[in-house]
Amino acid sequence: MLKFPKLALGLVLTMAATPTFADKLGLGRVALPEEIAAWDIDVRPDGTGLPVGSGDVLVGEEVFADKCASCHGDFAEGVDNWPKLAGGADTLDHEDPLKTVGSYWPYLSTTWDYVNRSMPFGDAQSLTPDEVYAIVAYIIYSNDLVDEDFVLSNETFADFELPNKDGFIIDDRLETEHSKWVGEPCMENCKAEVKVTMRAMVLDVTPEDTSDNAAAVEPATAEPAKVEEAAVVEVVEPAVAALDEELAAKGAKVFKKCKACHKVGDKAKKRFWPNVERCVRSTSWSS
Amino acid sequence: MTNKTSRRAFLAKGLAAGATVGAAGTANAATPDPLITEVQPWASGLGDGVDVSPYGLPISHEADVVRRNVEWLTADTISSINFTPIHALEGTITPQGCAFERHHSGAIEMTKGDYRLMVNGLVDRPLVFTYDDLERFPRENHVYFCECAANTGMEWAGAQLNGVQFTHGMIHNMEYTGVSLRTILEEAGLDTAGDLKDKWVYVEGADASSNGRSIPMEKALDDCLIAFKANGEALRKEHGYPVRLVVPGWEGNMWVKWIRRIEVMDGPVESREETSKYTDTLENGTSRKWTWEMDAKSVVTSPSPQSPITHGKGPLVISGLAWTGRGAITRVDVSKDGGKTWETARLAKDGEKMAMTRFYLDTTWDGEEMLLQSRAMDETGYVQPTKAQLRETRGLNSIYHNNCIQTWLVNSKGEAENVEVS
């Protein structure tokens, strides 16, 4: 299992030479079972760590629509730059592959674990185990991997395998790259000619520096950045005769559920996403 | 005044001054400099008292030396990243206040009093430590770089972002104070774990993302630190206050912030951050996993697009950074012609393991166009590859671990641009 047998050997020798457990300081206290149960919630690929429970696709669809769809879309297709959870089957060897739970993730346990501990975004650890089972069932249904009568439970979990389970190899850079890129490098006459093949200014996706001192540190760019009007949607305030402050306060409270994805106020305009197709590579990072 | 106008004015002024100096070596002034001949306000009046700034910020004239983000990159700024202004920094230590941030659920606010660290799993005694407990273990101090695996990731398919802050700024380099992870694990006892060769630790943070990662036991017992200070002071909130994990030389995603739990396990968890993300898809559609080490890499930080040459011909300091997650940097070469010929740069100090190295090429600029590149070598003999070499091996769909040689096209005005060359 270890990547580097040499290092593993070194480790064993080091361990043997060190009086490993002789110097305990007696700091800390013993963790109580309740405390371990509260924090030790990780789920392994074989299902170890799953709580008892179950959920089906239809319930999952409802829970997903209520708690997940504002960012991930009704069909797990993703809204704006938020992660797409479905689609992309057989695209991994294409240009710009679409990596989703169905097309890329190797283990369903990862989905269960992540939804359970970190979702919904802004309200993590609020889902019941049954809701998590249902959401995960709906996500794999959205990837056309199960039928609508599918039920996921702690008992059936280990039976399900994602399509890209065997799509990963352990880091082989030492063999495939380091063995080639070593030794004394060329210092003179390394190339016959050098041509510029691509320029960042042509793409023009670099953020402008708007600070007062920007002028003193940035070089002239070829052209001023294009104003991203196409991607900007003005938020038009409806004319209201008088603000119902009580209603507004209620709205502000309810809006807490929305603000993970939606912004209002002076900066709201900047939260609409420009067209990422302009970029060479959008490199989705979301969440 | 628009940025564009002021930039032009600034460049024109810089070039005029450069021409005066560059043409004749040591120049003669036509008229006395009023900054010297006239008494200036600061030489006559008084400055601030010692109570004006109990915790100092950089002077207002340096207000542009800040972290910046790229809005289109992520869906929002909570689960997002910003970039260290490495174009404007020197030496190797990154000030905490401008060291890049990467959060998956935002930078949480936690007190030392509320902090708990649990060690459980295959240990002799599962333990809980408070922050005060951690400060009673023997401490270590080390300087390490922390580089996001996605640093330079937006440049895989082509030259895209025009500034070294954006192409290479997902990195910082700090002096950490903390307790070795080995010490903490041994306090809990590893007899229960049996043979340690095939054991792992799973580490997770206290934030909503938890950002859990599995680390092989050999690394956990080697050089990982449970750190609570950086550059002499408490960690900043955005870097995991009060306690973060330091995993020297390995991708930044593993440096779990607000670390709350360490579980000794008999295998990896295969968490979201080590399967769906931080894996590297090759041309044939298979993906590398467990690509933990950051390979040798370097970049010229000045001149660069955000740090143009403003002094005209003559003496020029080419300054840059180099680092490797596989030991120490041993040499950096610089090319001014896009890789046809190379000169060996001067290392400001000998390379240190898993820490940034500053290099300089003290040279003379003739005012001609340059295609500036730097190429790092580390103690394993590895030579930083070109983008073409990386693409040949990995294809175009990779995101992480782009350690290619970077090219800046510096034109005759001293302006620099991010380009790719043949």
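Which residue of β21(B) is the bridge partner of Gly314(B)? The views below come from a predicted model, and the answer is in the first of them.

**View 1. Strand β17 of chain B pairs with strand β21 of chain B.** The bridge partner of Gly314(B) is Trp365(B), in β21(B). Strand β21 covers residues 357-365 of chain B. Nine bridges link β17(B) and β21(B). The two strands are antiparallel.

**View 2. Strand β16 of chain B also joins β17(B).** Strand β16 covers residues 297-302 of chain B. Five bridges connect β16(B) to β17(B). These strands, too, run antiparallel. Look for Ser302(B): Ser319(B) in β17(B) stands opposite.

**View 3. Strand β17 of chain B is largely enclosed by the rest of the structure.** The strand covers residues 314-323. Why is β17(B) described as largely enclosed? Eight of its 10 residues are buried, hence the description. To be buried, a residue must have under 20% relative accessible area.

**View 4. Chain A meets chain B.** On the chain A side, 118 residues are in contact with chain B. On the chain B side, 141 residues take part. Together the two chains bury about 11,300 Å². Carbon and sulfur atoms account for 55% of that area.

**View 5. Salt bridges and polar contacts cross the interface of chain A and chain B.** The rule finds 11 salt bridges here. One of them joins the side chains of Arg44(A) and Asp266(B). The N to O distance in this pair is 2.8 Å. The side of chain A that touches chain B has 63 nonpolar, 25 polar and 30 charged residues.

**View 6. A strand of chain A pairs with a strand of chain B.** Strand β1 of chain A covers residues 29-30. Strand β5 of chain B covers residues 127-130. Two bridges hold the pairing, in the antiparallel sense. Val30(A) stands opposite Leu127(B) in β5(B).

**View 7. Helix α5 of chain A is largely enclosed by the rest of the structure.** The helix covers residues 108-118. How many of its 11 residues are buried? The count is 11 of the 11, so the helix is largely enclosed. Among them are Trp112(A), Tyr114(A) and Arg117(A). What do the buried residues of α5(A) pack against? Within chain A, the partners are α6 (129-142) and β3 (151-153). Chain B contributes β8 (200-205).

Terms used:
Residues numbered from 1 in each chain as written. Chains lettered and ligands numbered in written order. Predicted model: local features only at pLDDT ≥ 70, side-chain atom pairs only at ≥ 80, totals over all residues. Heavy atoms only, no water. Buried < 20%, exposed > 50% of the residue type's maximum accessible area, 1.4 Å probe, protein only. Helix = DSSP H or I, 4+ residues; strand = E, 2+ residues; numbered from the N terminus. Pairing = 2+ DSSP bridges. Contact = heavy atoms within 4.5 Å. Buried area = accessible area lost by both parts, 1.4 Å probe. Salt bridge = Lys/Arg side-chain N within 4 Å of Asp/Glu carboxyl O. Polar contact = N/O pair within 3.5 Å; in protein donor to acceptor, adjacent residues only side chain to side chain. Nonpolar A, V, L, I, M, F, W, Y, C, P; charged D, E, K, R; others polar.
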